[in-house]
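Please walk through this structure with a focus on charged pairs and helix packing.

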Amino acid sequence: MNPLRSQPFRSIVAWICFLGVAGLGVAADLTTKSLAVIHLKNAPPFRVIPHLLQFEYTQNYGAVFGMGQGQAPLFITVSVAAILFLVYLFSTSGRSRLYQIILGLLLAGVIGNMFDRLSLGYVRDMIHVFPGVYWPDWVVRMLPAHWQPRPGERLEVFEW
(Lines give C-alpha, C1' and ligand atoms only; values in the text may rest on other atoms or scores of the structure.)
Protein backbone atom coordinates (compact mmCIF):
# COMPACT_ATOMS: atom_id res chain seq x y z
CA MET A 1 0.00 0.00 0.00
CA ASN A 2 1.15 3.50 -0.77
CA PRO A 3 2.52 4.96 2.51
CA LEU A 4 1.10 8.41 1.69
CA ARG A 5 -2.37 6.90 1.14
CA SER A 6 -2.41 5.02 4.45
CA GLN A 7 -1.03 7.97 6.40
CA PRO A 8 -4.38 9.69 7.13
CA PHE A 9 -5.84 6.42 8.43
CA ARG A 10 -3.04 6.24 11.03
CA SER A 11 -3.22 9.86 12.14
CA ILE A 12 -5.59 10.82 14.96
CA VAL A 13 -5.26 14.46 13.91
CA ALA A 14 -6.36 13.58 10.37
CA TRP A 15 -9.39 11.69 11.72
CA ILE A 16 -10.31 14.64 13.95
CA CYS A 17 -10.02 17.02 11.00
CA PHE A 18 -12.22 14.78 8.86
CA LEU A 19 -14.74 13.06 11.14
CA GLY A 20 -14.64 15.63 13.94
CA VAL A 21 -15.48 18.44 11.55
CA ALA A 22 -18.10 16.24 9.86
CA GLY A 23 -19.73 15.47 13.22
CA LEU A 24 -19.83 19.11 14.25
CA GLY A 25 -21.10 20.03 10.78
CA VAL A 26 -23.94 17.48 10.90
CA ALA A 27 -24.94 18.76 14.35
CA ALA A 28 -24.92 22.36 13.10
CA ASP A 29 -26.81 21.41 9.92
CA LEU A 30 -29.59 19.53 11.71
CA THR A 31 -29.85 22.19 14.44
CA THR A 32 -30.21 25.07 11.97
CA LYS A 33 -32.76 23.07 9.96
CA SER A 34 -34.78 22.42 13.13
CA LEU A 35 -34.60 26.11 14.03
CA ALA A 36 -35.75 26.99 10.51
CA VAL A 37 -38.81 24.76 10.94
CA ILE A 38 -39.62 26.38 14.29
CA HIS A 39 -39.04 30.01 13.31
CA LEU A 40 -39.51 30.20 9.54
CA LYS A 41 -41.95 27.49 8.43
CA ASN A 42 -45.15 29.53 8.68
CA ALA A 43 -43.56 32.95 8.83
CA PRO A 44 -42.74 35.55 6.22
CA PRO A 45 -39.18 35.50 4.85
CA PHE A 46 -36.53 37.12 7.03
CA ARG A 47 -34.61 39.56 4.83
CA VAL A 48 -30.94 39.86 5.71
CA ILE A 49 -29.72 41.86 2.69
CA PRO A 50 -32.50 42.97 0.29
CA HIS A 51 -32.27 41.30 -3.15
CA LEU A 52 -29.21 39.35 -2.01
CA LEU A 53 -30.03 37.10 0.96
CA GLN A 54 -33.05 36.08 2.97
CA PHE A 55 -34.01 33.18 5.20
CA GLU A 56 -37.15 31.36 4.12
CA TYR A 57 -38.20 27.81 4.94
CA THR A 58 -38.55 25.43 1.98
CA GLN A 59 -38.86 21.70 1.46
CA ASN A 60 -36.89 20.37 -1.51
CA TYR A 61 -38.12 17.03 -2.82
CA GLY A 62 -35.47 17.14 -5.55
CA ALA A 63 -31.80 17.97 -5.76
CA VAL A 64 -29.81 21.08 -6.56
CA PHE A 65 -31.90 23.77 -8.30
CA GLY A 66 -35.02 21.69 -7.58
CA MET A 67 -34.16 19.16 -10.29
CA GLY A 68 -35.31 15.55 -10.04
CA GLN A 69 -38.37 16.11 -7.86
CA GLY A 70 -39.47 12.91 -6.14
CA GLN A 71 -36.32 10.90 -6.94
CA ALA A 72 -35.30 10.29 -3.30
CA PRO A 73 -34.00 6.72 -3.87
CA LEU A 74 -31.67 8.01 -6.58
CA PHE A 75 -30.39 10.83 -4.37
CA ILE A 76 -29.83 8.48 -1.43
CA THR A 77 -27.79 6.22 -3.73
CA VAL A 78 -25.81 9.23 -4.95
CA SER A 79 -25.27 10.30 -1.32
CA VAL A 80 -23.83 6.90 -0.40
CA ALA A 81 -21.54 7.08 -3.44
CA ALA A 82 -20.49 10.61 -2.42
CA ILE A 83 -19.66 9.41 1.11
CA LEU A 84 -17.50 6.61 -0.28
CA PHE A 85 -15.78 9.05 -2.63
CA LEU A 86 -15.10 11.49 0.23
CA VAL A 87 -13.57 8.65 2.28
CA TYR A 88 -11.38 7.78 -0.72
CA LEU A 89 -10.30 11.44 -1.04
CA PHE A 90 -9.53 11.45 2.69
CA SER A 91 -7.36 8.36 2.20
CA THR A 92 -5.28 10.28 -0.35
CA SER A 93 -5.11 13.53 1.63
CA GLY A 94 -1.69 12.91 3.20
CA ARG A 95 -0.96 15.58 5.79
CA SER A 96 -3.15 18.30 4.26
CA ARG A 97 -5.23 19.30 7.27
CA LEU A 98 -7.12 22.04 5.42
CA TYR A 99 -8.11 19.53 2.75
CA GLN A 100 -9.26 17.09 5.44
CA ILE A 101 -11.36 19.82 7.07
CA ILE A 102 -12.94 20.71 3.71
CA LEU A 103 -13.71 17.03 3.10
CA GLY A 104 -15.29 16.88 6.58
CA LEU A 105 -17.51 19.86 5.75
CA LEU A 106 -18.59 18.22 2.51
CA LEU A 107 -19.28 14.98 4.37
CA ALA A 108 -21.42 16.89 6.87
CA GLY A 109 -23.54 18.35 4.08
CA VAL A 110 -24.05 14.97 2.42
CA ILE A 111 -24.97 13.27 5.71
CA GLY A 112 -27.29 16.09 6.81
CA ASN A 113 -29.22 16.02 3.53
CA MET A 114 -29.28 12.22 3.46
CA PHE A 115 -30.70 12.22 7.00
CA ASP A 116 -33.47 14.56 5.86
CA ARG A 117 -34.27 12.42 2.81
CA LEU A 118 -34.37 9.20 4.83
CA SER A 119 -36.37 10.57 7.77
CA LEU A 120 -38.61 13.14 6.05
CA GLY A 121 -38.56 12.37 2.32
CA TYR A 122 -37.26 15.86 1.48
CA VAL A 123 -34.43 18.24 2.38
CA ARG A 124 -35.18 21.21 4.64
CA ASP A 125 -33.61 24.46 3.53
CA MET A 126 -33.78 28.08 4.54
CA ILE A 127 -31.22 30.05 2.53
CA HIS A 128 -32.60 32.03 -0.41
CA VAL A 129 -30.08 34.02 -2.43
CA PHE A 130 -31.11 36.75 -4.88
CA PRO A 131 -34.74 36.89 -3.72
CA GLY A 132 -36.93 38.98 -5.99
CA VAL A 133 -34.25 39.18 -8.71
CA TYR A 134 -35.50 37.96 -12.11
CA TRP A 135 -33.83 36.93 -15.34
CA PRO A 136 -34.39 39.30 -18.25
CA ASP A 137 -36.93 38.00 -20.79
CA TRP A 138 -34.27 37.59 -23.49
CA VAL A 139 -32.37 35.15 -21.25
CA VAL A 140 -35.51 33.21 -20.33
CA ARG A 141 -36.39 32.72 -24.00
CA MET A 142 -33.06 30.90 -24.53
CA LEU A 143 -33.67 28.41 -21.69
CA PRO A 144 -35.06 24.89 -22.21
CA ALA A 145 -38.85 24.60 -22.36
CA HIS A 146 -39.10 22.81 -18.99
CA TRP A 147 -37.44 25.81 -17.31
CA GLN A 148 -39.87 28.31 -18.81
CA PRO A 149 -42.19 30.05 -16.33
CA ARG A 150 -45.97 29.90 -16.75
CA PRO A 151 -47.47 32.61 -18.97
CA GLY A 152 -47.53 35.92 -17.16
CA GLU A 153 -44.90 34.84 -14.59
CA ARG A 154 -41.24 35.71 -14.40
CA LEU A 155 -38.27 33.42 -13.71
CA GLU A 156 -36.42 34.20 -10.52
CA VAL A 157 -32.60 34.03 -10.75
CA PHE A 158 -32.32 31.53 -7.91
CA GLU A 159 -35.76 30.39 -6.83
CA TRP A 160 -34.60 27.23 -5.10
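Which residue's side chain meets that of Arg150 in a salt bridge? The partner is Glu153, with N and O 3.7 Å apart. This is a predicted model. Arg150 is exposed, at 60% relative accessibility. Glu153 is partly exposed, at 43%.

The whole structure holds four salt bridges. A network of them links Asp29, Lys33, Asp116 and Arg124. Start with Lys33. Its relative accessible area is 3%, so Lys33 is buried. Lys33 pairs with Asp29, and their closest N and O atoms lie 3.1 Å apart. Both residues sit in helix α2 (residues 12-40), four residues apart, which means about one helical turn separates them.

Lys33 also forms a salt bridge with Asp116, again by side chains, at 3.1 Å from N to O. Asp116 belongs to helix α4 and Lys33 to helix α2, so this pair ties together parts 83 residues apart in sequence. Asp116 is buried, as is Lys33.

Now turn to the packing of α4. Helix α4 (residues 97-120) packs against helix α3 (residues 72-91) at an angle of about 160 degrees, and the axes are 10 Å apart. Because of that angle, α3 runs roughly antiparallel to α4. Their crossing is left-handed. On the α3 side, the contact residues include Phe75, Ile76, Val80, Ile83, Leu86 and Phe90. On the α4 side, among them are Tyr99, Leu103, Leu107, Val110, Met114 and Arg117. By class, the contact comprises 16 nonpolar, two polar and one charged residues.

How values were computed. Residues are numbered from 1 along each chain as its sequence is written. This is a predicted model: local features need pLDDT of at least 70, side-chain atom pairs count only at pLDDT 80 or more; totals for chains, interfaces and linings use all residues. Side-chain values use heavy atoms; hydrogens and water are left out. Axes are lines fitted to C-alpha atoms, for helices over the stretch in contact, and angles run from 0 to 180 degrees between N-to-C directions. Helices (H or I, at least four residues) and strands (E, at least two) are DSSP runs, numbered from the N terminus. Angles under 35 degrees count as roughly parallel, over 145 as roughly antiparallel, 65 to 115 as roughly perpendicular and the rest as oblique. A crossing is left-handed if the near helix is turned anticlockwise from the far one by less than a right angle, and right-handed if clockwise. Contact means heavy atoms within 4.5 Å. Ala, Val, Leu, Ile, Met, Phe, Trp, Tyr, Cys and Pro count as nonpolar, Asp, Glu, Lys and Arg as charged, and the others, Gly among them, as polar. Buried means under 20% relative accessible area, exposed over 50%, partly exposed in between (1.4 Å probe, protein chains only).
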